[in-house]
Amino acid sequence: MKKSILLTKSNLQGARGQTAAVVALIFLGAMMLNLWLMLSMDYKQNFRRCHERLNGEHVSLAVDGDQEQMREFLSGILEEDERVEEFSLEPAMQMVGLFDYNGGEVNTNFVIMEKESALGRPIGRAELIPQEKTACSGGREDESTQEDGQSSGEGPRKAQSGVYLPMLYQSDEIAVGKTITITIGGNPVAYPICGFFNSPMMGSHNCMLCALLLTRDRYEELEKLGYAPGATLCGVRLKDAAQSEQFATELKNAVSASFPQAYATGNSYALVSQSRFISQMICSGVMSAMAFLILLIALVVIVSNIFHYIQENMKNLGALKALGYTGRQLSGSLLVQFSILSLGASLAGISVSYLLFPLVNEMMISQTGIPYRVHFLPLPALLTLAAPALTVALAVWISTGRIRRIEPVTALRQGMMTHSFKRNHIPLENTSLPLQSALALKTTLSGIKHNLTVCITMLALSLVVVFSGLMTENMIVDMEPFFNLIVGEVADSCINVGTDIEKDFLREMNGDKRVEKIYPYSSLAVSHVGGLELVTTICDDFSRVNNQDVVFQGRFPRYDNEIAIAAKYAGEKDLAIGDEVVLTAEGEERAYLITGFTQVSNNLGKDALMTREGYERLGKLWNVSYYLNLSEGTDVDAFNREAKERWGGGIYAAINVKATVEAGSSVYVSLMRAIVFAILALGLLVVVFVLFLLVRTMLGSKKRDYGIMKALGFTTAELIWQTAVSLMPAVILSAAAGLTISALIINPLTAVFLRGIGIVKCTFRIPVGFILAGGLGLCVFTFGAACLLSLRVKRITPRAMLAGE
Amino acid sequence: MKETLLKTEKLCKSFSNGGTMQHVLRNIDLELYKGDFTIIMGASGAGKSTLLYALSGMDMPSVGAITFGGQAISGLCSDELAVFRRRHCGFVFQQICLIDTMSVMDNVLAAGLLVSQDKKALAGRARELFTAVGLPEESWRKFASQLSGGEAQRVGIVRALINSPEILFADEPTGALNSRTGLDVLDTLTRFNEQGQSVVMVTHDMRSARRGNRILYLKDGVILGECDLGRYVHGDMERHEKLSAFLTEMGW
């Protein structure tokens with residue numbers, strides 16, 4: 001062991017530059033790995049912790065109607081159900097509403113509660129967020145700071161009367177002391193913003209229920225105004241949280257069976273715990289991919305370095321073996337060397353990841369709306385230390401097998417040749433290539449391991465380029481493909497009308513020149529008997545909807561006994577096209593034939609489509625949402641306002657769909673911008689590291705040749721050109737292959753990441769132009785970087801070569 | 001009257017060695033003439049190789065001027081010197097210095113193509129030279145590392161001559177060879193010199209020095225003396241004695 005350590009010391013001293021580059025790669029990989037592990041392992045745990053600390057509900061249900069009767073009914077059911085651990089029933093108001101957010105609109109179902117009663121709920125209580133910090137540090141302390149109505153710390157002056165919003169919406173525009181206009185049931189109401197709160201189950205528009213807390217005076221005022229009907233808010237804690245989805249479906253079915261006209265909205269722990277972490281899931285997915293790619297490249301570089309080291313030091317290794325060193329000791333020295341490097345670099349990576357984590361955390365909090373306190377996580381750190389160290393050790397041990405096998409005499413005779421003599425690649429006499437290019441190509445063809453390293457790096461980076469292009473094209477430049485996939489259907493306006501005025505409304509809209517297309521597109525909750533609740537969208541003719549890609553397999557339903565169902569749900573329930581499912585709503589049960597599979601992430605893969613006639617076999621429609629495509633240049637908000645004025649109470653909601661969707665998606669877009677920027681920057685950094693190692697190794701092995709060439713009259717510029725060009729065939733070919741393969745697999749690969757939110761088949765547009773430009777840019781960048789890194793050729797002088805330096 | 005090919009004035013070369021300056025060449029004024037076979041002799045550490053590198057543009061002088069055919073080369077940058085070397089100079093090294101990963105023919109053409117793009121003509125000249133140095137045809141396609149020392153040095157000579165240089169520099173070309181192959185190499189150089197090729201050769205071997213017509217003796221960085229031997233004639237004892245006397249006088 002002592003001998004191995006001595007050899008290790010000598011190896012490290014002899015290859016400082018390579019050591020630094022390998023350390024840098026492992027450092028970057030470990031940093032990404034630890035960030036990914038922290039994101040993927042602790043964020044959901046944090047949700048669970050927050051949920052537990054606030055005694056969060058596993059099932060929430062807000063039901064309009066006679067509160068006394070509803071409370072009695074729900075109490076009866078919940079008391080008898082053995083799965084229920086505890087429950088609470090509180091008065092609230094419930095109404096669809098909207099407010100401006102992030103340049104668009106948040107449009108969702110609001111549950112409006114009196115602040116003090118929301119903070120004191122026995123189940124699912126809310127906690128106020130101190131304005132100077134977003135860390136989740138214990139609830140009560142936060143409440144006391146805020147409850148007295150004093151401004152916290154040096155924060156802005158807080159209003160005594162107004163609204164508290166979910167912390168997800170905290171932004172420059174929506175801040176304490178400012179005023180927000182919330183349209184509740186079509187009526188705009190302005191409230192001073194008093195603060196923000198955390199509610200795991202009702203803290204986002206992704207939760208189906210989004211809470212708003214009003215101070216007592218504002219709550220009573222809204223009750224008097226009658227903009228939002230009174231409702232009963234039911235919070236249920238189950239003995240087994242895994243049953244939340246099933247229980248939520250059954251509870252809602254029970255309510256709709258007994259109170260067919262009562263408007264009920266609910267959510268479950270299973271749904272919310274997924275929907276609030278979509279951003280975190282995307283971010284950690286990308287980070288994991290980057291971490292693995294960088295570590296893979298680091299391994300390739302290490303293996304390549306070891307092969308090079310063996311070739312360069314064959315004589316020395318032979319001498320050491322002749323002196324009595326065993327192959328294991330020699331391999332061991334490299335093993336110790338790289339293990340020390342790996343552990344050191346991983347430790348540094350872990351440390352830096354903790355410096356970066358607050359930034360990532362801030363971004364994640366703005367996406368999830370759940371406070372998170374950065375703290376040391378031993379398990380991710382341990383895994384980050386162990387994974388690179390073990391894989392590096394394995395790679396080193398395997399690649400040093402040649403040292404263990406070779407006999408000392410063979411090694412002393414330079415036993416292994418550095419190149420093959422079987423063939424003279426590119427004979428200068430016959431080639432039509434210019435001299436410098438021909439010599440560069442000779443170098444290329446004699447350096448298979450270098451080419452392999454370049455190829456693996458370029459293949460990985462091609463995937464990064466294609467992914468960046470895909471996200472830029474489909475999420476940043478033109479969001480339509482993203483909307484089509486994630487949101488499903490997008491039009492200019494959505495107007496929800498009562499069925500009593502439907503015919504007149506349609507007649508007028510069809511006569512309005514600004515309306516290019518109008519079609520019904522209403523979503524309702526329908527339960528699958530023996531399964532879960534499905535958000536079912538109804539339309540009289542699906543051939544008229546804008547997004548014809550929602551059904552990606554089979555076809556849209558055409559008849560009243562047909563249904564298209566979410567592929568994710570179908571997979572979970574083992575349902576195939578042609579199978580029959582029994583659905584229930586409003587106490588009725590009907591069978592439907594599956595005609596196709598859909599994919600929309602709105603309800604995390606629990607969606608269905610059916611015709612209007614199909615739904616009417618189950619129950620009556622009281623209102624219908626119409627989607628409208630308006631002519632270019634039409635002011636959608638003005639159009640909606642006009643419609644509301646014209647039809648008054650007959651219109652329940654008029655939504656600017658694109659603005660709403662854009663607001664909802666803005667968090668993803670900003671996240672994706674950051675991810676695209678980060679992975680491109682990281683990718684280029686990796687290219688530079690790998691090139692640095694390759695060029696350094698090449699110059700090391702060609703020092704003598706280049707010295708001879710310089711003596712013969714080759715200039716430094718010619719040798720730099722040769723070095724850089726010798727890398728280009730592998731760069732160009734692997735980039736071309738990598739970009740082509742990546743372009744072919746990127747949609748299926750993205751679908752794998754998005755499977756959790758119900759996307760089975762991605763149909764993102766492949767940005768051919770971006771990919772070609774990216775590929776060209778990658779090649780040019782690589783060439784430029786290789787030229788710059790090859791400037792070391794300057795240091796090679798014929799005099800030094802002849803003097804044997 | 002001999003035509004001056006290369007001229008130095010007050011040529012000095014110093015190296016820093018552990019903080020102290022070591023003056024290897026001191027104020028050397030020298031003229032090399034076209035068609036001469038100039039021999040630079042001296043004891044180890046006298047500065048023979050350093051002078052050769054400076055004369056050939058392989059290294060830059062610390063002080064002083066070198067002019068080649070009227071053009072000052074001492075002020076050229078390293079890349080300009082490289083272009084100068086490829087156009088005007090040929091080199092034969094003691095360590096032979098062929099590129100092992102290239103075939104014999106490619107080693108020669110890599111140097112030739114730096115000056116001429118006419119591959120056919122270059123390949124033809126290479127074949128002529130290979131034949132002239134007695135390298136069998138089956139060796140032309142071999143890799144450099146597959147050759148014996150004598151064969152490799154003959155390839156080195158062909159490579160040095162492929163561009164028909166105005167001056168051929170040879171740094172102890174027989175130093176790494178056995179006696180027989182060393183003699184073959186000297187015969188080859190002598191033959192090319194007889195055909196008009198100017199040669200400057202560094203050696204500390206009297207047998208090699210005998211091939212030159214002008215002997216320069218270097219000691220402690222200065223030219224201590226020079227001897228005109230006249231053209232080489234095989235077995236000329238008088239010439240041999242003259243050289244011996246000169247070297248004895250120089251303290252050899």
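Where in chain A is the place of Ser258(A)? Ser258(A) is in helix 7, residues 244-258.

## About the model

This is a predicted model, in which local features need pLDDT of at least 70, side-chain atom pairs count only at pLDDT 80 or more, and totals for chains, interfaces and linings use all residues. Residues are numbered from 1 along each chain as its sequence is written, while chains are lettered from A and ligands numbered from 1 in the order in which they are written.

## Ser258(A)

Helices (H or I, at least four residues) and strands (E, at least two) are DSSP runs, numbered from the N terminus. Ser258(A) is partly exposed because it has 13 C-beta neighbours inside 10 Å. By count of other C-beta atoms within 10 Å, placed from the backbone, buried means 20 or more, exposed 12 or fewer, and partly exposed in between.

Met70(A) is 188 residues from Ser258(A) in sequence. Their C-alpha atoms are 9.9 Å apart in space.

## Where chain A touches chain B

Contact here means C-beta atoms, placed from the backbone, within 7 Å. On that basis, 22 residues of chain A are in contact with 27 residues of chain B. On the chain A side, helix 15 (435-446), helix 23 (703-712), helix 24 (716-754) and helix 26 (798-802) each supply at least two residues. Helix 23 gives the most, with five residues.

## Chain B

Chain B has eight helices and 10 strands. Its C-alpha atoms fill a box of roughly 45 × 45 × 40 Å along the principal axes. Of its 252 residues, 48% count as buried. Among contacts in chain B with a separation of 6 or more, 68% join residues 24 or more positions apart.

Notes:
Two residues are in contact if their C-beta atoms, placed from the backbone, lie within 7 Å.
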